[in-house]
Amino acid sequence: MSKKGHIVQREVLYCLVWEQPRTHLAKRFGVSDVAIGKACRKAGIPMPPTGFWARKKAGKTVRRMPLPPRAPGVNNEIKLGGPRYDYGRHQTDKEIMEQIPQPPVFNEPIENVRDRIKTQLGKVAQPRTLKDAHRLIANLLEADEQRRIKAENSRYTFSWDEPYFDSPTEKRRLRILSGLFKAVTKCGAMPSVNKDAKDVSVTVGDEHVHIELEVIDEGRKCKEKQGRPHDRFRLTIKEGWRSKEQDQYVWEDNGDEKIETMLRDIAEEVVLAGEHHYRAHKEYQYEWTLERKQELIEKERQRIEMEARLERERMEMLRQERIQLLLDEASAHRQACDIREYIARMLDLAGTSLSTGEQEQLMMWAEWARAQADDLDPIVSGRFQIDGLQE
């Protein structure tokens with residue numbers, strides 16, 4: 001198995017789990033059959049029920065469950081095996097160069113996805129109390145109660161130890177979030193919130209949608225409305241992955257129309273934002289891959305061009321060295337010839353006017369001088385190079 005694991009398209013894995021038992025697939029991909037099942041459940045891929053393969057082996061009629069549409073925000077590429085905490089499989093430069101990048105294809109129009117979300121949401125109730133709050137909100141209230149008890153039993157109380165949600169405004173914040181969390185959960189989304197309910201996000205498939213719920217206008221309490229605050233809230237879905245189709249969506253309290261009455265629309269857009277983020281992410285990956293491939297192609301072109309230039313420079317240097325060697329050899333030959341001519345003239349000029357001893361000295365000098373000329377002459381010494389330098 002590859003150290004990075006295997007990437008399988010959702011439709012391909014669906015066909016595989018209905019063509020052979022998961023135990024066989026597990027061996028093929030180097031993972032456990034439990035991992036195969038977990039990947040299928042996460043991707044919304046139906047699997048053969050218990051006894052399916054036995055009935056098929058016995059020749060009985062078996063029915064394959066159809067593959068439902070991909071849930072919003074769910075990645076169509078399924079990773080099997082590899083590092084546990086590998087949050088993304090990035091193509092190597094070699095893989096990018098060997099493949100032709102294909103633009104992402106989304107078979108289902110975004111409006112069809114919206115229609116499915118609307119069907120799943122159904123009716124969304126307006127939260128009026130916190131008695132039946134969402135599990136995460138109930139946990140916040142329980143933690144708040146523990147802070148309250150601790151503060152009452154302590155001699156010293158600091159602001160950071162006090163309950164977060166005693167004020168009507170903060171209780172309303174929890175009611176809004178509770179209603180929203182219950183709604184998006186119907187679509188399989190998983191909300192999360194920090195201890196003071198200021199950092200809110202919803203995981204839609206494999207995408208994280210960040211939400212901001214802020215007070216934009218703090219008003220005074222009104223006695224005739226049983227202490228209900230006039231604070232105005234604004235809820236914003238933060239933009240993700242440079243989405244081209246979806247800008248920031250914003251809802252605000254406006255007169256008698258409160259955010260609580262807009263929860264169905266908000267939940268719909270939150271879940272749909274997960275799909276927008278996923279599609280924008282895929283388009284970003286495609287565009288990045290195209291740019292990276294062009295960079296690699298240009299880099300390879302520059303490398304080949306540089307190697308060719310260096311080779312030309314090397315050959316030119318060798319040519320210049322061969323020419324210089326030729327000039328040096330020719331110069332040495334001329335010097336040797338000049339020496340021999342000089343020796344001959346010296347012997348002619350001396351003639352017979354020299355004594356016997358002087359003639360012997362002259363002959364010894366002439367012999368020595370001829371040896372120097374022969375050693376200097378590349379032709380006589382055999383040091384000449386007809387083929388030039390060895391490459």
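I take buried to mean under 20% relative accessible area, exposed over 50%, and partly exposed in between, with a 1.4 Å probe and protein chains only. The model I am reading is predicted, so I note that local features need pLDDT of at least 70 and side-chain atom pairs count only at pLDDT 80 or more, while totals for chains, interfaces and linings use all residues. Residues are numbered from 1 along each chain as its sequence is written, and side-chain values use heavy atoms, with hydrogens and water left out.

**Threonine 203**

I looked up threonine 203 and found it in strand 4, residues 200–204, where strands (E, at least two residues) and helices (H or I, at least four) are DSSP runs numbered from the N terminus. Because its relative accessible area is 19%, threonine 203 counts as buried. Its side chain makes a polar contact of 3.0 Å with that of histidine 208; such a contact is a pair of N or O atoms within 3.5 Å, and within protein one must be able to donate a hydrogen and the other to accept it, residues adjacent in sequence counting only if both atoms are side-chain atoms. Apart from neighbours within four places in sequence, threonine 203 is in contact (heavy atoms within 4.5 Å) with Ala189, Met190 and His208.

**Helix 7**

I then turned to helix 7, residues 135–152, whose 18 residues should span 26 Å at 1.5 Å a residue, in agreement with end C-alpha atoms 26 Å apart; the expected span is 1.5 Å times one less than the number of residues. Leu136, Ile137, Leu140, Asp144, Arg147 and Ala151 are buried in helix 7. They cover an arc of only 100° around the axis, so they lie on the same side of helix 7, the arc being that of the directions from the helix axis to the C-beta atoms. On the other side, Arg135, Glu142, Lys150 and Glu152 are exposed. The cover over the buried residues of helix 7 includes helix 8 (168–185) and strand 3 (190–193).

**Lysine 293**

Lysine 293, in helix 9 (residues 263–350), is buried yet has no salt bridge, the nearest side chain of opposite charge being glutamate 98 at 9.8 Å. For a salt bridge I require a side-chain nitrogen of Lys or Arg within 4 Å of a carboxyl oxygen of Asp or Glu; Lys and Arg count as positive, Asp and Glu as negative, and His and the chain ends are not counted. Leaving aside neighbours within four places in sequence, lysine 293 contacts Ile96, Met97, Gln99, Ile100 and Pro101.
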